[in-house]
Amino acid sequence: AHPQHRCPLIQLRAVRRPDKGTVLLKNKVPVPGQVGLVFQQPETQLFAQTLSEDILFGPKNLGMDEGKNGDQLVDEVLAAVGLSPRRFKDRSPFSLSGGEARRAAIATTLALKTDFLLLDEPTAGLDARGKVFIYELLQSLLAKGRGIAITTHDPEFFASLATGRVELIRPDSKKPETGEKKSYKDEREKVGSVDTVDTKQYKDGTKRNESGRVASERNNKEEGDLGEVEL
């Protein structure tokens, strides 16, 4: 579906009220803090002077206890999206690369600890490694019971993650171009080993994969080291 039709649809689940009818989640009208929305363009979601301020904005406005213990929450969600808290928590969101900004936008939504997470084109503009990291992050959240809905022009990539699929096609729309579409498995084989979901945070502060190898600083700060954090 065209972005102008997809975006309002997913926003109905998070920030907009329908003109008619009722939007229900678990057979109830959603309440503030139950649904989190990650925009397609992270620069429209990030606005504060530092990432820490951006991450804590939502929790503080919702009166969450986590908003009072800000440093711990900031460290948790930044680590979860593969951004080193030490390097990024005081960075301006406007100094980030495109891939870093996308992860930061997801971190601000994870900080809300919502039951449902809605993402609009979460892999747009990312290379294979970035796409694989996003996939495995969402896979981890699903395993923890988080509800997730994704709008995408790349359904083949997320096919193995989805439990349901809806296609929106206008009757007068042109037939979509048929280019090479790669699945998660294809992209995962291309990038090789990535320290993401299979890492754990140890008490001494190091992160190790399942074989016990200490995860490299390069992976921690750039490629995404998804530690065992409660989100």
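**A buried charge and some rings**

Author: Happy to! Asp-54 is buried yet has no salt bridge, and the nearest side chain of opposite charge, Lys-60, is 12 Å away. Buried means under 20% relative accessible area, with exposed over 50% and partly exposed in between (1.4 Å probe, protein chains only). A salt bridge is a side-chain nitrogen of Lys or Arg within 4 Å of a carboxyl oxygen of Asp or Glu. For charge, Lys and Arg count as positive and Asp and Glu as negative, while His and the chain ends are not counted.

Reader: Where does Asp-54 lie?

Author: Asp-54 lies in helix H2, residues 51–61. Helices (H or I, at least four residues) and strands (E, at least two) are DSSP runs, numbered from the N terminus.

Reader: And which residues is Asp-54 in contact with, leaving aside neighbours within four places in sequence?

Author: Those are Gln-45, Leu-46, Phe-47, Ala-48, Pro-93 and Thr-108. Contact means heavy atoms within 4.5 Å.

Reader: Quick check, what kind of model is this?

Author: This is a predicted model, where local features need pLDDT of at least 70, side-chain atom pairs count only at pLDDT 80 or more, and totals for chains, interfaces and linings use all residues. Residues are numbered from 1 along each chain as its sequence is written, and side-chain values use heavy atoms, leaving out hydrogens and water.

Reader: New topic: how many aromatic pairs does the structure hold?

Author: Six. Rings of Phe, Tyr and Trp (its six-membered ring) pair if their centres lie within 6.5 Å; planes under 30 degrees apart count as stacked, over 60 as edge-to-face and the rest as tilted. Tyr-135 and Tyr-184 make a stacked pair, 3.7 Å centre to centre with 5° between the planes. This pair links distant parts of the chain, with Tyr-135 in helix H6 (residues 128–143) and Tyr-184 in helix H8 (residues 184–191), 49 residues apart.

Reader: Why is the pair of Phe-157 and Phe-158 edge-to-face?

Author: Their ring centres are 5.1 Å apart and their planes are at 85°, so the pair is edge-to-face. Phe-157 counts as buried because its relative accessibility is 0%. Tyr-135, Phe-157, Phe-158 and Tyr-184 form one aromatic cluster.

Reader: What lies over the face of Phe-157?

Author: Lys-131, at 4.7 Å from the ring centre. A charge sits over a ring if NZ of Lys or CZ of Arg is within 6 Å of the ring centre and within 35 degrees of the ring normal.
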